[in-house]
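The following explanation leads through a structure by way of an annotated site, an interface and a single further residue. Please read it with the sequence and the coordinates open.

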Amino acid sequence: MNATESVKAIKGGEFLIRETAAESIFIPEEWNEEQLMIAETCTNFLAQHITPNLNRIDEQEEGLMAHLMEEAGNLGLLGISVPEEYGGFGKDFKTSMLVTEKLGAGHSFSVAFSAHTGIGTLPILYYGNDAQKQKYIPKLASGEWKGAYCLTEPGAGSDANSGKARARLSEDGKHYLINGQKMWITNAGFADVFTVFAKIDNDENLSAFIVEKDLEGLSLNTEEHKMGIKGSSTRQVFFNDCKVPVENLLSERQNGFKIAVNILNLGRIKLGGGTIGASKDVISLAIKYANEREQFGRPISKYGAIRYKLAQQAIRTYASEAAIYRASQNMEEATDMLVESGMDEIKAKLKGTEQYAIEAAIIKVHASETLDYVVDEGVQIYGGMGFSAEAPMDRAYRDSRINRIFEGTNEINRMLTVDMMLKRAMKGELDLMGPAQKVAGELMSIPDFGGAEEDGLFSKEKKYIAGFKKAILMVAGAAVQKLMTQLGKEQEVLMNLADMLIELYVSESLQLRVEKLVGIKGEDACKEQLDIMRVYVYEAAERILKSGKEALNSFAEGDELRMMLMGLRRFTKTEDFNTTQARRNVAAKLIAENKYCF
Amino acid sequence: MSVLVLVEHTEGIIKKKNFEAVQYASQIAKQTGTTATAVVLGSASAAEMESLGEYGAEKVLHIADPRLDELHARAYAKALIAAAEKEGSTVIITLNDINGRAVAPRVAVKLKAGLVAGALSYPDTAEGFLIKKTVFSGKAFAFVNVLSDVKVITLMPNSFQINKGEGKATVEKLDVNFDEKDFGIKVKQVNKVTGEVSLADAELVVSGGRGMKGPENWGLIEDLAKELGAATACSRPVADSHWRPHHEHVGQTGGTIRPNLYIAAGISGAIQHLAGVNGSKIIVVINKDPEAPFFKAANYGVIGDAMEVLPKLTAAVKKYKASHK
Amino acid sequence: MKILVCISQVPDTSTKIILKDNNTAISSDGVTYIINPYDEWYALIRALELKETGVASDVHLITVGKADVEPIIRKGLALGGDEAIRIDAAANDPYETASYIAEYAKSVGYDLILCGKESIDYNNGVTGVMIAELLDADYIGFAASIQIEGNTAIVNREIEGGEETDTCSLPVVIACQKGVAEARIPNMRGIMAARTRPLKVVTPTAVAPVAAILSYEMPPAKAGIKLVDPDNMDELVELLHSEAKVI
């Protein structure tokens, strides 16, 4: 870990073995005036068009969602990152993340928005030929047409490539005839354009097709009854000899799975952005309620039990957000670098995003689980009113849950996190072996207790985070060594490793965010952020220790186990710290501001 | 040196709030060892003008030009300035109402005078000329120090109790030469809302919010208002949903009112709404949610569904009126 | 026809007012600033509508303030203003503000000057009238609708107990309130265009203030609420009569 190397942004997955310089990351406190204005437009759009209509949206009032999408289109919100030549605004990835975040508090509308601008638009934008793009993208970017994406089938969810949908060329060679059944299709009820995945004949891999809603042979089932996001249109789509012109084949034959996977990488980090936006909104509601609701003669925000919850909600959200924008910036920079090296812009975008697929998966899991925590405690803070369908927590609670399921379940994403990391190591893209051996060597040696202890503002947390990396390298190294090819089947171990990686990435992102922020604003202006960081990293150490122990206990034994457990404790050791006081400080700020304010 | 006060009339009748302004002027006059002079514009009867003496005016300057029966702010300003010159006045007062707000700033600019818009207090002259006024739509008060020799004040109506006394003002005519351009604004059409109490002047106001569920339930608000002789008002979401006309919206971005009694039915009491009504002397809040923040700003509270409580309150008022005839 | 729209920066309507420096100033900690709603929702949007319908050729925005007010100016440009002017001064007294705006307006010559009926921070509602007086122009306050026909403004405005329709030759200063237009949300096209639109910074001829705020005070807390049973409205009426003495 060479400090001079760390100035340059690290590659995807390298956070495990390298250090990152705080100044190299992007933090949300750096939004420029134009970006803040765009964010305000999103907030005003929700306040004016969505929040007052949430009940009508959830009742799926005829035509309402399509109309709201058009309203968003009128404001330009559906074309943020679409190139200007296709009727969009050509904004960078971070700005589109910001829009996703701000609209993330829009419940079912957010789902429709994300599906339309993500999986509904991007496959055509990224893989379409010029004619396809000219035909579809301007109308999708303006909201005149609405997009949907048909991948999942009744028998093919997480295992998407196993779908039964088939396409065959018509006798005159002018059409593909698609047959099959797709389910959980978001926006199906009002979409004009579907990106449909099916295998041509007996191909091994999926192909993708652009299917317009009026084509012969396409039909919709009725709306699904769902636990949450009730206003989001979710239907089955049936294809019965659906005649798709041959020119509507997207990209090349058998390229569909690649498209699906690449689009998902983007979808995952975007989902992180959206859920963090929802979290902030729910926290603000909870704070306002706690400030208003009085029991025993005082607002409940005066009580420690409630303050704890408010602080924890904010701490997790702030941490998750740090990771989201760090990775967004990395993706953007990687893309820019590839473009500079001569790559076509869209290819560069896909490649740049794919480089940070590990981070995207981590973010998807962490942000969606943060929202679930936030809404759960939101209900609790509201008490009896939390359980009432007349108060906003009811909808927030139900709508949150899907986020751990779609865009790849959190279990799939956890496995992917470890799987991608190990694959990159095996391909030689990521040097895990060297650092892992070094850690193994350190285990055998006498711990270095001496040395000059740095006492900078962040030295403790930096030391802890360096320890987290060692802990993961040790446990993962041992797992690979012990379980070898069996590791893929030991899903519990994979979950443990993923949890450790998630905690590491988020802790480090948070620490870097606060370090950069202090550099800009000074320590005095960042007291609560420092407390947020200290609490989160302290707690992350405990969680990493627990996951590591579980993993080690499952496959190691005897002296080796004892030695590794000792190492694990050493690598996750933290100094005693009064988390209660730190959380009180965080809560006090939230309560004074009467809203989420970090 | 007298303190000058503009007195408005509607078709010759002087409304009560003007008495408050005259009384305010005469108090300042006493404070500064001088007298109060009222300025009346247009067609007003001698008796009506003389009666201003009951509120402390020594003298009335009457500029009888009938064109002044309607607001022509430039002419009004010119008349006030002419009166001020005649009287050597250094303090000039109007009401902080629609007309006063169109006239006083012109007078202030012409005389290079500092202006306090919406005065709530008498000037504190211990160190300067300090007057209290509302800022942030009632979320706070400010003390404005007027630095110039001449001071212009617009008085917030309903700030002081009016005490009618004895006395008769002497009426003196004053001629002012107006230009054509002083009457540049032509009134084409006037639509007075008849039968209803105007919100800005109302002493009693009944107001409804989202808790009223829909415009079809506004009869309940109107019934109570009618029984009380009150004006009706509403919260912003109600006006935004077009349940009620926009001019009824009170709050930080709607009208600011200061009635003696404000009855809020089904209004939760967002900070923006409170800003527009917290100058009310007495606030009654009816809301089924005991956590509604409005209860914290209220004098009297009724925890219950506005739709059920309002008819009961209307009935109780009816009963009270019958027994107090 | 050239329109000048006066905008002012005010704390967001949800701001809690906190006093500081021994009650001589308002804390700006955590305060979000916005364009005064009357200026933005009604005056500015109506000006833009007049441009969109071909009545006006240019819509200029003007505000008095130091550089920290520029975000709200650019929001005005994002909504559709063609050009903005920032008078580089920290005016606290409406007379100062009006003098600076009038000085600039005179130099350009506008046919129509629009502003909000008052700013929601200092609640004076006098700046527009003062500008009119300084420009020797007519002024119509409390406007609820504005039409322009040739050289004439036709304005519905609030009067006591109703509404009237006034006509007046241009140039005129009109202060707007609800009804004049509907609030808009800046769209992406406008936001991106805002950067390229001119923002002129003008140094005014200094004017000595004629009034100044010396201190602030918070409203007294209500003495505590008296709850009345919903089934006993007679008691409420009795309290309003004998205790509160309001009926």
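The paragraphs below take up the conventions, the annotated site in chain B, the interface and a residue of chain A in turn.

This is a predicted model, in which local features need pLDDT of at least 70 and side-chain atom pairs count only at pLDDT 80 or more, whereas totals for chains, interfaces and linings use all residues. Residues are numbered from 1 along each chain as its sequence is written, chains are lettered from A and ligands numbered from 1 in the order in which they are written, and side-chain values use heavy atoms, with hydrogens and water left out.

An unreviewed UniProt entry lists a "binding site" whose residues include Arg210(B), Ser235(B), Gly266(B), His273(B) and Asn287(B); positions are given in the numbering used here, feature names are shortened, and annotations may be inferred rather than shown by experiment. Gly266(B) is found in the loop between strand S13 (261–265) and helix H7 (271–277) of chain B. Here helices (H or I, at least four residues) and strands (E, at least two) are DSSP runs, numbered from the N terminus. Gly266(B) has a relative accessible area of 10% and is therefore buried, a term that means under 20% relative accessible area (1.4 Å probe, protein chains only). Beyond its neighbours within four places in sequence, Gly266(B) is in contact (heavy atoms within 4.5 Å) with residues including Arg210(B) and Asn287(B).

His273(B) is placed in helix H7 of chain B. His273(B) counts as buried because its relative accessibility is 6%. With neighbours within four places in sequence again set aside, the contacts of His273(B) include Ser235(B), Ile267(B) and Phe294(B).

Attention now turns to the interface. Five residues of chain A are in contact with four residues of chain B. The two chains bury about 400 Å² between them, 36% of it on carbon and sulfur atoms; buried area is the accessible area (1.4 Å probe) that two parts lose on being put together, summed over both. Glu292(A), Arg293(A) and Glu294(A) supply 78% of the area that chain A buries against chain B, more than any other three residues. One salt bridge is found across this interface, a side-chain nitrogen of Lys or Arg within 4 Å of a carboxyl oxygen of Asp or Glu. Arg293(A) forms a salt bridge with Glu291(B), with the closest N and O atoms 2.3 Å apart.

Elsewhere in chain A, Gln529(A) lies in helix H17 (residues 527–555). Gln529(A) is buried because its relative accessible area is 9%. Leaving aside neighbours within four places in sequence, Gln529(A) is in contact with Tyr318(A), Val514(A), Leu517(A) and Phe598(A).

How values were computed. Buried means under 20% relative accessible area, exposed over 50%, partly exposed in between (1.4 Å probe, protein chains only).
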